[in-house]
Amino acid sequence: MSMLELKAVSKVYGQGAAQVRALDQVTLSVDEGAMVAVMGPSGSGKSTLLTIAGTLEEPSGGQVLVGDADLAGLSRKEKARLRRRTIGYVFQDYNLLPGLTAAENVSLPLELDGWSARKARASGLAALEELGLADRAERFPDQLSGGERQRVAIARAMVGQRQLLLADEPSGALDSGNAEGVMRLLHEACKNGGMAAVVVTHDAQLASWADRVVFLRDGRVTDQTALEPGPESLLTPGRPQ
Amino acid sequence: MSVRHALLALLSEGPKYGLQLREEFESRTGEVWPLNVGQVYTTLQRLERDGFVESDGTGEGPQKAFQITESGSAELSEWLRLPPDLSSPPRDELVMKVLVAIRLPGVDVHEVIQVHRRYLVQLMQEWTRIKENGAEGDLSLALAVDAELFRLDSVVRWLDAADGRLKRAAGDGQIQPAAEPREAEAPLPKQRRRIGARG
């Protein structure tokens, strides 16, 4: 089932001569359990695509569906609920609240959604444990390494019953070992947790963790890759026995 | 990949048979570079001729064990520290294709770049999947796959940079729009010869 669907989505900023077409008739579908990377140079519309999919901005044209909800038909309140319950965000600079511990940061969205503090904390701790951060739960963001901070941010994006994960250059500030760890976690969240993810990046190594890579240029989807089943074939062609 | 020196490295651990060398070569290189047994024996013969290995002389064919000599060890140690030749740029086929596409009438160089970018990213996806599925406990494989990913990544980054540079150059009027009618004295053949003569 498709978890995110963009149908001929356009986004125009400004008017007349100053008009900028950030997205132009973008159509994209991301199924449950799939991770899609969106690659493109700066200014290609990657971040706009993510903010529209995340209901943070309205498209100028076209249709956006998250699960089976058509965003155009939702009130502000309903959109806010969708953001709290269904959509998780991961940003390049983590966006953790400095005055809260890792556990508090992760359970905050649940508390905001009306969960009891105790239940929210239990779920938050479980999410941290799943990402190998059980022993970091009581630390504040500035007591964590960059890789740990991003894992806390991923835990926060996955906690509860989130179904759609939106990530903007999620490992942009990390070294290659930590970046690989973050991408591995995101891909596992899709493969094993059934989440759908859209990862926006200009980095081909990160994009290569995705099941599909979509190329964006001047606001338009120009191309995409498809991963053939059985990639192990790379190790076998013409292999002498 | 220097099979010669890889075999010397394996023999520095002790005497070994040809088949054994092939198996160990493949497992130590993460099975990324397949090697046939004929290659192993040809290489061993040359190493023996050069005095870098010696056989005990008792067995025949697969029964023959080889060991490294003192000058073989010296050769191996020298090779480890010898930088590979990276000083002169290779005659890169992809670079040539892009250079040719800029001037070829009726060809959109950005489209050509994207064809290659897609192919490379797709290859990177396949390598990443191998790393994800199999390389966890296989250090050699993880290292070999990383090397391949970084290599392909550098090509993608060059394509990205070329894409951006060409876009800026077109904006400055430095290059003509692609879809020009082909003329009898189009500049392409000259351009091609010049590129071909390089490197």
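**View 1. The two domains of chain B.** In this predicted model, the domain assignment divides chain B into domain 1, covering residues 3-81, and domain 2, covering residues 93-197. Where the two meet, five residues of domain 1 of chain B are in contact with six residues of domain 2 of chain B. Sorted by class, the side of domain 1 of chain B that touches domain 2 of chain B consists of one nonpolar, two polar and two charged residues.

**View 2. The four-stranded open sheet of chain A.** Strands of a sheet pair through backbone hydrogen bonds, in either a parallel or an antiparallel manner. Here the order of the strands in chain A is β2-β1-β4-β5, and the pairing is antiparallel. Because β2 (20-31) and β5 (69-70) of chain A stand at the edges with a single partner strand each, one side of each is left without a neighbour in the sheet. Helix α1 (residues 46-53) of chain A packs on this sheet, where it touches β1 (2-13), β2 and β4 of chain A, and its direction makes about 120 degrees with that of β1(A).

**View 3. The pairing of β4 and β5 in chain A.** Strand β4 (residues 61-66) of chain A runs antiparallel to β5(A), and two bridges join them. Leu65(A) stands opposite Asp70(A), which belongs to β5(A).

**View 4. The six-stranded open sheet of chain A.** In this sheet of chain A the strands follow the order β6-β7-β8-β3-β9-β10, with mixed pairing. Neighbouring strands of the sheet are turned against each other by 20 degrees on average, direction ignored. Strand β3 (residues 35-39) of chain A pairs with strand β9 (residues 212-217) of chain A in the parallel sense over four bridges, and Val38(A) stands opposite Val214(A) in β9(A).

Terms used. Residues numbered from 1 in each chain as written. Chains lettered and ligands numbered in written order. Predicted model: local features only at pLDDT ≥ 70, side-chain atom pairs only at ≥ 80, totals over all residues. Pairing = 2+ DSSP bridges. Contact = placed C-beta atoms within 7 Å. Axes fitted to C-alpha atoms, helices over the stretch in contact; angles between N-to-C directions. Domains from an automatic or database assignment. Nonpolar A, V, L, I, M, F, W, Y, C, P; charged D, E, K, R; others polar.
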